Amino acid sequence: MSQIAIGQSFLMDSEGATREAWRAAEAGLGRTPQAVLVFATSGYDHDTVARTLAELGPSTVIVGCSAEGVITQGRSDEIDHALGLMAFASDHLTFDGFLVEGYGAEPAQAGTELARQALAVGRAHPLALLVFPDGLSGNCTAFLDALGEGLPKGFPIVGGASADALRMDRTLQLCGTRVRSNAISALLISGPGRAAVSVGHGCRPIGRTRTVTKVTDGWVAELDGKPAWDWFRSYLEGDPQDLRADGIMHLSVGLIEEDDPDGSSVVRTPLLLRKEDGALFFPGGGIVEGSKIRLVRRDPETMRASAAHTAEELLSQGGGRRPELVLQFDCSGRGKLLFGSCAAQEIVEPVQKIVGGDVPWLGFHTYGEIAPLRGRARYHNYTVALLALYPPEA
Amino acid sequence: MSERAPDPDDQEIARLRREVAELRAENDDLDGQVSLLVKTEHRLTRAQFEADRQLSRVRALSSFALASSGDESALDIAGRAARLLVEWFSVDRVVLVHVDEEGQGWTSGDGVPRARAPSALVELCRGVDPVVATLAELPWAIAVVTAEDARPAAETAFAVLPLGDSRGVVGLALWCRPNPRASYFSEPPSPKHLPFLTLLGNHVRHGLATTRLTRELRESTHELAQNNERLEVSLATVKQAHERLAQAAKLEAIGRLAGGIAHDFNNLLTVILANASLVLEDLPGDSSLRDDVEPILDAAQRARNLTSQLLLYSRKQESRPEELRLDVVVEQFSRIASRLIGEHIRLRISHDPRVGTVRVDRTQIDQALMNLATNARDAMPNGGTLSVETRPASTEELRRAGRPSTERFVVLSVADTGVGIDPQARDKIFEPFFTTKDARGTGLGLAIVRTVVEEARGHVLVSAEPQGGTRFSLLFPEASQPPRVAHTQSTLASILVVEDEDSIRETVSRILGRRGYRVVEARTGHEALAVVRSGFPLDLLVTDVVMPERTGPMVAAELREARPGLRVLYMSGYTFDALKEGELRPDERFLRKPFTPEQLLGEVSAALALRPSEQPSQAPPSQAAAKP
């Protein structure tokens with residue numbers, strides 16, 4: 001039997017908030033957590049958060065990352081000070097935490113290393129690997145491809161790219177008392193049971209197909225032989241000189257692939273602008289010279305319908321049973337940026353109503369969602385990725 | 001010139017070129033439409049951001065106002081405002097400038113109270129309107145913040161919300177510098193935020209006012225409650241005073257009544273007692289008339305007691321304290337106690353040899369002892385034990401009496417094993433005329449006990465439980481000197497008896513004559529002087545105090561002119577102004593009416609034993625006391 005409890009806090013003091021959330025979770029469990037998954041927004045000092053958690057649970061496995069906002073039952077808190085944690089205590093599940101550095105420079109190598117470490121712990125029944133890469137560096141596609149190659153085919157890899165407060169400055173990954181940037185934190189959950197994963201999109205392609213004509217180190221410099229920023233900027237109001245969150249959310253592109261000719265499934269969003277040459281950085285990766293892309297437009301109606309379908313899909317994978325927990329990784333562009341102060345009502349509550357309003361639920365607003373698509377783990381933008389754990393069938 | 005037919009290829013080329021141009025135009029148009037659409041959405045997004053920010057702030061302000069309650073302290077309210085400002089603007093520091101009567105203080109952005117407030121900031125907060133500027137625009141304010149630990153850069157946004165009035169918090173100040181960790185949704189304070197800052201300032205000000213009013217209301221309520229309490233105490237005091245006044249009036253009435261009849265009554269009783277005694281003395285031991293005379297004596301004795309008690313309680317009977325050994329008093333009481341308490345009650349007497357003397361009126365202490373013994377007897381109708389003891393007061397008894405433990409008190413304890421005292425009756429037992437004995441009791445017994453003890457500056461302690469017996473402990477201050485030992489004097493002296501009441505004078509003369517004294521009578525002071533001038537060898541003057549022409553002391557003074565060193569025994573049945581406690585000369589004594597022959601003879605003997613004084617005779621003020 002597994003016990004899962006949620007703790008959260010909005011205190012401004014990093015240690016105080018951590019202790020408050022821990023106390024709530026520990027009270028829910030009735031004992032010291034075996035493992036803790038923690039997401040905290042950028043107002044906190046994450047070193048203090050990690051150190052405090054380690055003090056509170058010296059033998060507890062601690063994994064987490066910085067977040068743009070924290071999602072819990074009925075809430076979506078995209079504010080400077082929101083901290084949520086999911087605490088685990090189980091007699092049949094085991095938890096292993098990992099932190100792989102060097103992701104920004106060598107993402108594929110980081111994927112290979114994470115796979116090696118995950119296999120090295122030798123769990124007989126791995127259920128799912130939760131990964132939280134830096135959201136502002138690296139190449140997540142290269143990382144996931146390498147990770148997938150190192151793990152059994154079809155093994156569930158789910159997670160979200162760490163985020164900050166839409167300042168695009170720095171994201172943090174934590175494991176134990178280690179807090180890093182340009183890294184990957186990960187949690188391997190093992191034991192009997194079933195992991196169900198579902199991902200839902202919400203964009204529609206619009207306009208003509210463009211060809212990427214120049215890419216260096218993940219930075220897209222030219223489209224159709226012209227500076228990339230000139231093309232993207234032409235879609236923004238007021239001739240902006242910088243790339244800001246309100247502009248980013250309108251500049252996503254869909255990758256046209258053989259099995260996705262209209263480019264609606266794999267969406268990439270530029271998060272950084274290099275003003276010197278007008279190149280844009282897509283941390284999701286997967287865009288190379290010759291890639292065909294189309295601008296995509298956020299569609300709230302599609303998003304709502306897709307989210308509901310995602311929740312139903314999650315339930316059907318569990319045979320209609322109540323999951324032990326749900327983790328939600330939702331794009332930062334789908335929360336307050338799209339729905340303002342109604343984000344919780346628009347994107348969180350409808351899904352929770354379908355899956356269960358009393359299921360332990362934690363998530364965060366990411367800079368990229370990670371979930372399987374057509375058989376392999378993929379990086380996404382403007383999606384919701386859900387992971388549900390179901391207990392073993394009697 | 002001949003015209004050449006159009007080349008079909010050229011025509012096709014031209015058509016294709018037109019189509020390409022049209023397609024390009026369509027594509028350009030499509031691009032333009034897409035761009036227009038996305039730009040419009042971008043504009044809408046920005047507008048939505050701003051609307052959402054405004055809505056969030058309005059909601060936050062509303063929540064802030066709704067959360068205000070009078071239970072918060074000024075610091076709590078300012079702390080909430082500080083946290084709100086931090087969330088809105090992601091500011092580095094929020095300063096609460098607090099200059100109320102509790103002193104100064106400030107709170108940082110995380111709401112943790114700190115000490116000290118820069119005085120220059122206080123001055124800034126005394127402005128009327130909120131201020132939003134950069135520190136560069138407020139150069140003198142830089143001096144303010146340099147006093148703080150974290151000095152912001154000059155370009156730091158700086159806002160001040162004056163909140164206070166003359167009595168309370170002056171204001172909130174906040175400043176902000178670029179914060180890479182701040183949320184994209186927050187923004188530094190700027191003049192466009194003045195409406196919100198003003199609204200927040202108003203909410204804080206109202207919150208502070210509510211807190212102050214609530215505090216004042218509580219204080220007023222508390223004060224009112226205290227006043228009510230004091231009023232109730234005052235009312236109770238007034239009520240008690242009324243009761244005491246009524247009691248005093250009652251006592252005064254009793255006193256007047258008692259005093260009015262006491263003199264005549266006592267004179268009558270003196271005659272009855274003396275003559276009945278003489279008759280009884282003359283009767284042979286086996287005379288049947290004794291059965292007729294003894295009830296007369298008994299009735300007269302009881303009448304004398306009643307008169308005495310009335311006079312004692314109404315304080316119309318003058319107290320004559322003397323130094324006594326209580327063990328002697330108790331021993332003498334024990335000789336007559338068996339007749340009082342009956343054979344079914346065992347009397348147990350004990351004395352502690354450490355006790356000293358006390359200063360108390362002998363008659364009164366006898367009376368008190370009698371009253372307590374009578375009550376004890378009535379409380380033990382089926383028999384029991386009456387314990388009377390004398391001992392030094394214990395520390396606990398001194399504590400109960402409210403006396404320092406260093407003081408020395410002698411205890412006369414009277415305890416019975418009777419029915420005890422009902423708790424409801426316990427508070428009333430010392431009230432005059434309160435009795436549990438129905439018609440049998442006068443209700444004066446314990447009231448007199450308390451009067452006697454208080455007269456001697458002592459205390460009465462009661463320990464009683466229903467069916468558990470009762471103990472009265474009479475505490476008397478221990479006197480410093482041992483009592484004088486009385487001694488008898490030989491008889492056959494010459495005595496002048498001055499008394500205007502013939503029956504008393506004759507009775508007194510008869511008693512003294514029978515004992516062998518040489519007695520001469522006089523009805524007035526004038527007659528007495530005549531006796532002295534006649535050369536009568538006078539050893540003792542026995543005189544009434546209150547007489548029509550001259551008072552006893554006046555007669556004594558006049559006689560002493562002729563017979564210096566004349567010893568005097570005054571007789572009186574009433575309080576009189578002519579002779580007060582302490583005014584008796586060393587060669588004078590006093591006998592209270594009514595008296596028995598034994599008492600008269602004892603006092604005469606004691607007076608004759610006095611050493612004649614060499615004190616010159618002083619004529620008392622002329623006083624013609626009317627015979628009551």
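Across the interface of chain B and chain A, 5 salt bridges are found, a salt bridge being a side-chain nitrogen of Lys or Arg within 4 Å of a carboxyl oxygen of Asp or Glu. One of the salt bridges between the chains pairs D31(B) with R208(A). Their closest N and O atoms lie 2.3 Å apart. This is a predicted model, in which local features need pLDDT of at least 70, side-chain atom pairs count only at pLDDT 80 or more, and totals for chains, interfaces and linings use all residues. Residues are numbered from 1 along each chain as its sequence is written, chains are lettered from A and ligands numbered from 1 in the order in which they are written, and side-chain values use heavy atoms, with hydrogens and water left out.

Polar contacts also link the two chains. Between chain B and chain A, 15 residue pairs are in polar contact, both residues at pLDDT 80 or more. A polar contact is a pair of N or O atoms within 3.5 Å; within protein, one must be able to donate a hydrogen and the other to accept it, and residues adjacent in sequence count only if both atoms are side-chain atoms. On the chain B side, α1 (8-67) and α2 (74-89) each supply at least two residues that touch chain A. The largest share, 20 residues, comes from α1(B). Helices (H or I, at least four residues) and strands (E, at least two) are DSSP runs, numbered from the N terminus.

Now the extent of the interface. The contact (heavy atoms within 4.5 Å) takes 33 residues from chain B and 37 residues from chain A. The area buried between them is about 3,200 Å², with 51% from carbon and sulfur atoms. Buried area is the accessible area (1.4 Å probe) that two parts lose on being put together, summed over both. R181(B), Y184(B) and F185(B) supply 22% of the area that chain B buries against chain A, more than any other three residues.

Chain B also holds an open sheet of 5 strands. The order is β8-β10-β11-β13-β12, with mixed pairing; two strands pair if DSSP finds at least two bridges between them. β8 (345-351) and β12 (459-464) of chain B stand at the edges with a single partner strand each, so one side of each lacks a neighbour in the sheet. Inside this order, β10 (residues 384-392) and β11 (residues 409-416) of chain B run antiparallel, joined by 7 bridges. P392(B) has V410(B) as its bridge partner in β11(B).
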